[in-house]
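Subject: Structure handover

Hello,

My notes follow below it.

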Amino acid sequence: MKLTLRILTLVCYCLPFTFFVKTCVGPDMKPAYNQQQLEVNQREAANFEKRRHLLDSIAALGSDTLAPMQASVSAADSVHKDSSSRTAASSASVKEKNTNSMLTNAGWTMYQVWERIKRPTDSSLSGIGTIFDYKNPVGKLLIGLSFLISLIVLINPKHIRTKKWQETLFIVNIVLLITYLVVSLFSSVSLRWGFWLLLILLFVQLYREVVNAGTSEE
């Protein structure tokens, strides 16, 4: 039972941990760590598309007045464009071959698996993803330390097998997560169910250690 709980604890770092959605606003990608910010980004993206469509319409109307001039210029540039397009096609073909040789199927599969580990759903970061992509460096550090402690507890080296060490590590881990919760509240970050499950599992394991220690003393 103890080993199962420790494995489940480590699995929690691969579950949805924090809210996270990237929205394309023109040339920029804007992240959102809560639903309110996502709605703001989506409105900005919609407004940007409306403005771009309006500018394209104005440019199309202006191009109609310049059509005779453009026709004369295009006739002179046709030979140059043809040679340029052949050169560009040739270089693009070489680049494509080089890219295909560098990105093998195995490498691409590993990349997709890694991205899925970081983002288990389209609207969340996992605990591992939080270590890399969380908005606050303090939050990254807290979850990184929490993950390291959970890994150490799972490996269970000889020097931490005493009841005192086990209890201390669980308490420290819980404190790290509670601090992360406070940081997230101040940073307007919405937490997902993986975080709460991890916190519950740590409390359960701490309780088991305390109860077992009391039983052994009796």
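**Salt bridges**

Glu115 and Lys118 sit 3 residues apart in helix H4 (residues 105-118), about one turn of the helix. Their side chains meet in a salt bridge, 3.9 Å from N to O. Glu115 is partly exposed, at 26% relative accessibility. Lys118 is buried, at 11%. Keep in mind throughout that this is a predicted model.

The whole structure holds 7 salt bridges. Another one pairs Glu49 with Arg52, and here the closest N and O atoms are 2.7 Å apart. Why is about one helical turn the separation of Glu49 and Arg52? Because they are 3 residues apart in helix H2 (residues 35-65). Both ends are partly exposed: Glu49 has a relative accessible area of 38%, and Arg52 is at 42%.

Glu209 and Lys2 also form a salt bridge, with 3.7 Å between the closest N and O atoms. This pair links distant parts of the chain: Glu209 belongs to helix H8, Lys2 to helix H1, and 207 residues separate them. Is Glu209 buried or exposed? Glu209 is buried, because its relative accessible area of 3% is under the 20% cut-off. Lys2 has 34% relative accessibility, so Lys2 counts as partly exposed.

Salt bridges with shared partners join Lys2, Arg6, Lys163 and Glu209 into one network.

**How H1 packs on H6**

H1 and H6 pack with their axes 9 Å apart, at an angle of about 155°. That angle is over 145 degrees, so H1 runs roughly antiparallel to H6. Their crossing is left-handed.

Which residues meet here? From H1 come Leu3, Arg6, Ile7, Thr9 and Leu10. From H6 come Phe147, Ser150, Leu151, Val153 and Leu154.

**The nonpolar core**

The largest nonpolar core has 32 residues. Leu177, Tyr180, Phe195 and Leu198 touch the most other members. Four helices each supply at least two residues: H1 (2-11), H6 (137-155), H7 (163-186) and H8 (193-217). Which helix gives the largest share? H7 does, with 8 residues.

Leaving aside neighbours within four places in sequence, Leu177 is in contact with Ile143, Ser146, Phe195, Leu198, Leu199 and Leu202. As a general point, nonpolar side chains tend to be buried together in soluble globular proteins.

Most residues other than glycine have a negative phi. Two loop residues here have a positive one.

- Asn156 has a phi of about 55° and is not a glycine. Asn156 lies in the loop between H6 and H7.
- Ser188 has a phi of about 60°, and it is not a glycine either. Ser188 lies in the loop between H7 and H8. Its relative accessible area is 43%, so Ser188 is partly exposed.

Best wishes

Conventions: Residues are numbered from 1 along each chain as its sequence is written. This is a predicted model: local features need pLDDT of at least 70, side-chain atom pairs count only at pLDDT 80 or more; totals for chains, interfaces and linings use all residues. Side-chain values use heavy atoms; hydrogens and water are left out. A nonpolar core is a set of buried Ala, Val, Leu, Ile, Met, Phe, Trp, Tyr and Cys residues joined through side-chain atoms within 4.5 Å. Buried means under 20% relative accessible area, exposed over 50%, partly exposed in between (1.4 Å probe, protein chains only). Contact means heavy atoms within 4.5 Å. A salt bridge is a side-chain nitrogen of Lys or Arg within 4 Å of a carboxyl oxygen of Asp or Glu. Axes are lines fitted to C-alpha atoms, for helices over the stretch in contact, and angles run from 0 to 180 degrees between N-to-C directions. Angles under 35 degrees count as roughly parallel, over 145 as roughly antiparallel, 65 to 115 as roughly perpendicular and the rest as oblique. A crossing is left-handed if the near helix is turned anticlockwise from the far one by less than a right angle, and right-handed if clockwise.
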